[in-house]
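Hello,

Here is the structure I promised to send over. Please open it alongside these notes.

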Amino acid sequence: MAKELVGTKRLVVGAGYGIKDFIVQRITAVILAVYSIIFLIAALFTPINYESWKGFFTFSCWGLPVGQIAATLAFFSLAWHAWIGVRDIWMDYVKPVGVRLTLQVLTILWLIAAILYFAKIVWSL
(Lines give C-alpha, C1' and ligand atoms only; values in the text may rest on other atoms or scores of the structure.)
Protein backbone atom coordinates (compact mmCIF):
# COMPACT_ATOMS: atom_id res chain seq x y z
CA MET A 1 0.00 0.00 0.00
CA ALA A 2 2.79 2.44 0.86
CA LYS A 3 4.44 1.84 -2.52
CA GLU A 4 1.24 2.79 -4.34
CA LEU A 5 1.21 6.26 -2.70
CA VAL A 6 4.76 7.12 -3.70
CA GLY A 7 4.77 9.51 -6.63
CA THR A 8 1.04 10.15 -6.69
CA LYS A 9 -0.38 13.63 -6.59
CA ARG A 10 -2.51 14.78 -3.72
CA LEU A 11 -5.59 16.62 -4.95
CA VAL A 12 -6.39 19.64 -2.85
CA VAL A 13 -9.93 20.87 -3.30
CA GLY A 14 -10.95 24.43 -2.50
CA ALA A 15 -11.97 27.77 -3.90
CA GLY A 16 -8.42 28.56 -5.03
CA TYR A 17 -8.57 32.18 -3.87
CA GLY A 18 -5.36 32.08 -1.84
CA ILE A 19 -2.52 32.91 -4.22
CA LYS A 20 -4.54 35.12 -6.59
CA ASP A 21 -5.96 37.20 -3.76
CA PHE A 22 -2.56 37.43 -2.08
CA ILE A 23 -1.06 38.84 -5.29
CA VAL A 24 -4.01 41.18 -5.91
CA GLN A 25 -3.76 42.59 -2.39
CA ARG A 26 -0.05 43.24 -2.84
CA ILE A 27 -0.57 44.95 -6.21
CA THR A 28 -3.42 47.11 -4.90
CA ALA A 29 -1.32 47.99 -1.84
CA VAL A 30 1.52 49.18 -4.08
CA ILE A 31 -0.90 51.27 -6.18
CA LEU A 32 -2.34 52.81 -3.01
CA ALA A 33 1.13 53.51 -1.61
CA VAL A 34 2.29 55.27 -4.79
CA TYR A 35 -0.91 57.31 -5.00
CA SER A 36 -0.69 58.18 -1.30
CA ILE A 37 2.84 59.52 -1.75
CA ILE A 38 1.75 61.62 -4.74
CA PHE A 39 -1.27 62.88 -2.80
CA LEU A 40 0.87 63.69 0.25
CA ILE A 41 3.36 65.66 -1.85
CA ALA A 42 0.48 67.55 -3.47
CA ALA A 43 -1.05 68.25 -0.06
CA LEU A 44 2.24 69.65 1.23
CA PHE A 45 2.94 71.93 -1.74
CA THR A 46 -0.54 72.93 -2.90
CA PRO A 47 -2.51 75.75 -1.31
CA ILE A 48 -5.61 74.55 0.48
CA ASN A 49 -8.44 75.93 -1.60
CA TYR A 50 -11.01 74.56 -4.00
CA GLU A 51 -9.38 75.72 -7.22
CA SER A 52 -5.96 74.20 -6.48
CA TRP A 53 -7.45 70.85 -5.45
CA LYS A 54 -9.69 70.86 -8.50
CA GLY A 55 -6.54 71.47 -10.54
CA PHE A 56 -4.89 68.47 -8.88
CA PHE A 57 -7.75 66.14 -9.83
CA THR A 58 -8.32 67.59 -13.30
CA PHE A 59 -4.63 67.70 -14.29
CA SER A 60 -4.32 66.73 -17.96
CA CYS A 61 -1.37 65.55 -20.00
CA TRP A 62 -1.62 64.97 -23.78
CA GLY A 63 -5.37 65.40 -23.56
CA LEU A 64 -5.80 62.68 -20.93
CA PRO A 65 -7.31 63.52 -17.53
CA VAL A 66 -4.34 62.06 -15.63
CA GLY A 67 -5.48 63.29 -12.21
CA GLN A 68 -8.91 61.73 -12.54
CA ILE A 69 -7.54 58.48 -13.98
CA ALA A 70 -4.98 58.16 -11.15
CA ALA A 71 -7.61 58.88 -8.50
CA THR A 72 -9.98 56.36 -10.08
CA LEU A 73 -7.26 53.70 -10.25
CA ALA A 74 -6.44 54.32 -6.59
CA PHE A 75 -10.09 54.18 -5.53
CA PHE A 76 -10.78 50.96 -7.46
CA SER A 77 -7.64 49.49 -5.88
CA LEU A 78 -8.93 50.52 -2.46
CA ALA A 79 -12.32 48.93 -3.11
CA TRP A 80 -10.79 45.68 -4.41
CA HIS A 81 -8.31 45.56 -1.53
CA ALA A 82 -11.14 46.14 0.96
CA TRP A 83 -13.35 43.50 -0.66
CA ILE A 84 -10.68 40.80 -0.36
CA GLY A 85 -9.96 41.67 3.28
CA VAL A 86 -13.57 41.94 4.40
CA ARG A 87 -14.61 38.83 2.45
CA ASP A 88 -11.86 36.87 4.18
CA ILE A 89 -13.04 38.14 7.57
CA TRP A 90 -16.62 37.05 6.80
CA MET A 91 -15.41 33.64 5.59
CA ASP A 92 -13.15 33.07 8.61
CA TYR A 93 -15.36 34.29 11.44
CA VAL A 94 -19.01 34.03 10.34
CA LYS A 95 -19.96 30.37 10.24
CA PRO A 96 -23.71 30.38 9.41
CA VAL A 97 -23.83 30.36 5.61
CA GLY A 98 -26.92 32.57 5.33
CA VAL A 99 -25.51 35.27 7.60
CA ARG A 100 -22.15 35.16 5.82
CA LEU A 101 -23.79 35.45 2.39
CA THR A 102 -25.93 38.35 3.59
CA LEU A 103 -22.87 40.17 4.94
CA GLN A 104 -20.97 39.58 1.72
CA VAL A 105 -23.83 40.91 -0.41
CA LEU A 106 -24.17 43.97 1.84
CA THR A 107 -20.42 44.56 1.58
CA ILE A 108 -20.56 44.35 -2.22
CA LEU A 109 -23.51 46.76 -2.35
CA TRP A 110 -21.72 49.20 -0.06
CA LEU A 111 -18.54 49.06 -2.16
CA ILE A 112 -20.50 49.58 -5.39
CA ALA A 113 -22.31 52.56 -3.84
CA ALA A 114 -18.97 54.01 -2.71
CA ILE A 115 -17.49 53.59 -6.21
CA LEU A 116 -20.52 55.26 -7.83
CA TYR A 117 -20.39 58.15 -5.35
CA PHE A 118 -16.66 58.56 -5.96
CA ALA A 119 -17.19 58.56 -9.75
CA LYS A 120 -19.96 61.14 -9.44
CA ILE A 121 -17.70 63.46 -7.45
CA VAL A 122 -14.37 63.10 -9.27
CA TRP A 123 -15.65 62.86 -12.83
CA SER A 124 -18.04 65.80 -12.46
CA LEU A 125 -15.22 68.26 -11.77
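Below are the notes on helix packing, aromatic rings and one serine.

This is a predicted model, where local features need pLDDT of at least 70, side-chain atom pairs count only at pLDDT 80 or more, and totals for chains, interfaces and linings use all residues. Residues are numbered from 1 along each chain as its sequence is written, and side-chain values use heavy atoms, with hydrogens and water left out.

Helix packing. H4 (residues 66-93) and H5 (residues 97-122) pack at about 170°, axes 10 Å apart. H4 is therefore roughly antiparallel to H5 (angle over 145 degrees). Axes are lines fitted to C-alpha atoms over the stretch in contact, with angles from 0 to 180 degrees between N-to-C directions. Helices are DSSP runs (H or I, at least four residues) numbered from the N terminus. Contact means heavy atoms within 4.5 Å. Among the residues making it are Phe75, Phe76 and Trp83 of H4, and Leu103, Ile108 and Phe118 of H5.

Aromatic rings. There are 7 aromatic pairs (ring centres within 6.5 Å, using the six-membered ring of Trp). One is Trp53 with Phe56: edge-to-face, 5.8 Å centre to centre, 80° between planes (edge-to-face is over 60 degrees). Both lie in helix H3 (residues 50-57), 3 residues apart, about one turn. Phe56 is buried, at 18% relative accessibility (buried is under 20% relative accessible area, 1.4 Å probe, protein chains only). Ring pairs link Tyr35, Phe39, Trp53, Phe56 and Phe57 into a cluster.

The serine. Ser77 sits in H4. At 5% relative accessibility, Ser77 is buried. Leaving aside residues up to four places away in sequence, Ser77 touches Thr28, Ile31 and Leu32.

Best wishes

Terms used. Rings of Phe, Tyr and Trp (its six-membered ring) pair if their centres lie within 6.5 Å; planes under 30 degrees apart count as stacked, over 60 as edge-to-face and the rest as tilted. Helices (H or I, at least four residues) and strands (E, at least two) are DSSP runs, numbered from the N terminus. Buried means under 20% relative accessible area, exposed over 50%, partly exposed in between (1.4 Å probe, protein chains only). Angles under 35 degrees count as roughly parallel, over 145 as roughly antiparallel, 65 to 115 as roughly perpendicular and the rest as oblique.
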